[in-house]
Each structure stands twice: as C-alpha cells, then as structure tokens.
Amino acid sequence: DRAAARSGKRSAHANAQRAGGTDFARVRPLFPSYRPLGLVQHLSTINWMACVLAAARARSLRLAPAALRAGLASQGAASGGANGSGGGQVVVVTSGKGGVGKTTTAASFAYGLAERGHRTVAIDFDIGLRNLDLHLGCERRVVFDFVNLIREECGLRQALIKDRHNKNLFLLAASQTRDKSALTESGVGRVIEELRDQFDYIVCDSPAGIESGAFHAMYFADKAIVCTNPEISSVRDSDKMIGILNSKSKRAMEGRAPIVSKLLVTRYVANRVQGEEMLSVPDIEEMLGVEIIGVIPESEAVLRCSNIGRPVIADPEESTAALAYRDFVARFLGERLDMRFLEPEQKGFLERLFGKK
C-alpha cells in the first residue's frame, strides 16, 4: 500500500512537471526549495509563477531574486510602458519664469491624481525656499527632508509625509537649510527609482529658472506640465524650457522617446484677453507648438487656499480655479473635456448697475 501511494505521488508530480513544460525547468533553479504539495500539484506552473510575481511586486522588486528582477525589468520594457521601467510615471511641473503658479499647480495636480485613486507623491525641488508643504498644509510635520534622503541620513518612510485629507497623497519636502548644490544626479536618481516602485505618479515641483534644482527636477521626467502666463515674456521663457526638456533630459541623453510636454495657461483673465492686453489661447499654442491641456483663470481662491493650507483644487467654495484644475487633471488622465472660462463672464443687470464683482 505504501509503495502504491509513493508511486501515485511520483505520477502526480510528473504530471505537474509536464503541465508546466519547459517553463517549469527554466523557473525551478530560482526556487530550489519548492516542492509541489496538495492543491499546487493540480495548478499549472505558469499560474503558480504569476502568484509569485504578484507577491514580489506588492512587497518590492528589491526583495525578489536577482534573476527574477531582471526578468521583470525586461518584461516592463517589452510591454512599452510610459517610462520604460514598468514603474510609476515622473511628471515635472516647470516653467522658465517665476511666479506663474508652479507650486500652486503641483499641489493641486498631485491632490487631484490622488483623489482619483492614484498613489501619488509630490517632491519639492526648491531647496532652501520650500513652499509646497505650505500649500498642502503639512509644514509643521516636516522632520526629514529630500536632502536627508539623498544623503541617506534617513529612510524613505521617515521622510514621506502622508496628507491628512487624502490617503493616497504623500509629500517629500525640500530642505530649508541647504542650498541646491546638495542635489546630485546619482542621489536624486536613486530616490526617484525607489519611489517608482511604490507610487503611480511622482510629481516634481520645479523651482524657477534653469539652474541645478530645475535641472534635477526635469532630468528623470517622463512627462512635463509647462506653466505659462498669457504674456509674452512668460511664453518666451516657457519656450526655452521646452527646448531644455527635449535636449537635456535623461530620455534625450539615452536616445529614448522624448518627454511628453503639455502647456498649462495660468492666471488667465478673459476680459484682458478680449481687450488684447493678454495673449489668447490660440496665440500661445501657435507660438509654442505644444498642446494646451488646461486654462486656469485668475482667482482670489488661490490666495485664500494657500493661506489655509489647502490645494486650490480642494477649495470648498467650488471656485472657477478649482473647477479648472479638476478639468486639467481629468484631461491629463485621458478624458476629453471642453475648455472652460475662456470667455468673459456675462454680468447681470444689477452687477452692471452697482459694479458688483
């Protein structure tokens, strides 16, 4: 009886091997301690491997065997992912000119993505002059910052700050006591790759200009949101930044597909555009040759929300700026929406009579 039982087990084991075919022989050396038992005998090796890969991805690719990690990396590249690594996407919010609303946009953009269920982390690259923590209302909870993480003075979990209102949103704050020379290509790259494994989107809030902070913010990007005001000097600086994105990013250096850039027009005043005091949306699009993904009207809500530490997109009063930012996030995620707030608002009789705004 015992001999018959052993023979039956050997037969079942042989059947399981035959079901997996050559895949079983290729995979078996990676898991020498694996022995099919019970229900596993009746599962195909391919299904069993799918479970193992899912578990490895969920915990961290760094915990998987080296050979398995290499296989996953090649699988991600072959699948044609947006960034070629199968991880989260890096999106930089940038412009050439200061004061156009980059940090306001980065806060609302990151919040909007997280609100739609995407795990999102926002990184402040403005070393020495951080403001993103103020816009997200977590300035008093910064203990470790981006530079501490680059210098390996803390772990990723210690530096990340979870948003109080949005469970999918995290912040990596800039240092206020260091200068931009603290940023290094290798250090920033290591942090970005670690974040790719854990988040769907990494939103990089770039400082103004084209110095070190702005360079490191855009270097690892897969996509770019270029903010511009509807006036000629801002548009010209944005044109310069688009050229840098196309020529000096890591993608450009490696000969890969270029960064996908989109324009976001901020501080738009329809009355002034109608009076030809500001550039129109078609004028800006024609001058830069880049698709406009959103138009954010000038609004008092921007100052009000920054003073209370809330992104404009989360404005409880449903301001025009909040609605425009929601439209922008929806378009970024692939929805087709018409542009709003491009025409002057029609005032009623009483508003015209008493000058009510």
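Biologist: What is the orientation of H10 and H11 to each other?
Modeller: The axes of helix H10 (residues 212–219) and helix H11 (residues 232–248) come within 10 Å and cross at roughly 55 degrees. Axes are lines fitted to C-alpha atoms, for helices over the stretch in contact, and angles run from 0 to 180 degrees between N-to-C directions. Under 35 degrees counts as roughly parallel, over 145 as roughly antiparallel, 65 to 115 as roughly perpendicular and the rest as oblique. H10 and H11 are therefore oblique.

Biologist: What pLDDT do local features need?
Modeller: Residues are numbered from 1 along each chain as its sequence is written, and side-chain values use heavy atoms, without hydrogens and water. This is a predicted model: totals for chains, interfaces and linings use all residues, side-chain atom pairs count only at pLDDT 80 or more, and local features need pLDDT of at least 70.

Biologist: Which residues in H11 does H10 meet?
Modeller: Contact means heavy atoms within 4.5 Å. From H10 come Phe215, Met218 and Tyr219; their partners in H11 are Ile244, Leu245 and Lys248.

Biologist: How many nonpolar residues has the contact of H10 with H11?
Modeller: Ala, Val, Leu, Ile, Met, Phe, Trp, Tyr, Cys and Pro count as nonpolar, Asp, Glu, Lys and Arg as charged, and the others, Gly among them, as polar. The contact of H10 with H11 has one charged residue and no polar ones. Its nonpolar residues number five.

Biologist: At what angle do H11 and H14 pack?
Modeller: Helix H14 covers residues 281–288, and its axis and that of H11 are 10 Å apart. Ile232, Val235, Ser238 and Asp239 in H11 meet Ile284, Met287 and Leu288 in H14. The angle between H11 and H14 is about 35 degrees.

Biologist: How many strands does the protein chain have?
Modeller: Helices (H or I, at least four residues) and strands (E, at least two) are DSSP runs, numbered from the N terminus. The helices of the protein chain number 17 and its strands eight.

Biologist: Which are the edge strands of the open sheet?
Modeller: Two strands pair if DSSP finds at least two bridges between them. The order in this sheet is E3-E4-E2-E5-E1-E6-E7-E8, with mixed pairing. Two strands pair on one side only: E3 (161–162) and E8.

Biologist: Which residue in E7 stands opposite isoleucine 225?
Modeller: Strands E6 (residues 223–228) and E7 (residues 260–268) are parallel, with six bridges. Opposite isoleucine 225 stands lysine 262.

Biologist: What is the bridge partner of valine 265 in E8?
Modeller: E7 also pairs in the parallel sense with E8 (residues 292–297), over four bridges. Tyrosine 268 has proline 297 as its partner in E8. For valine 265, the partner is valine 295.

Biologist: At what angle does H11 run to E6?
Modeller: H11 lies across E1 (89–94), E6 and E7. Its angle to E6 is about 165 degrees.

Biologist: How many residues of E2 are buried?
Modeller: Buried means under 20% relative accessible area, exposed over 50%, partly exposed in between (1.4 Å probe, protein chains only). Thr120, Ala122 and Asp124 point one way from E2, Val121 and Ile123 the other way, and all are buried. E2 (residues 120–124) is mostly covered, with a buried count of five of five.

Biologist: Which residue in E5 stands opposite threonine 120?
Modeller: E2 runs parallel to E5 (residues 201–205), joined by five bridges. Opposite threonine 120 stands tyrosine 201.
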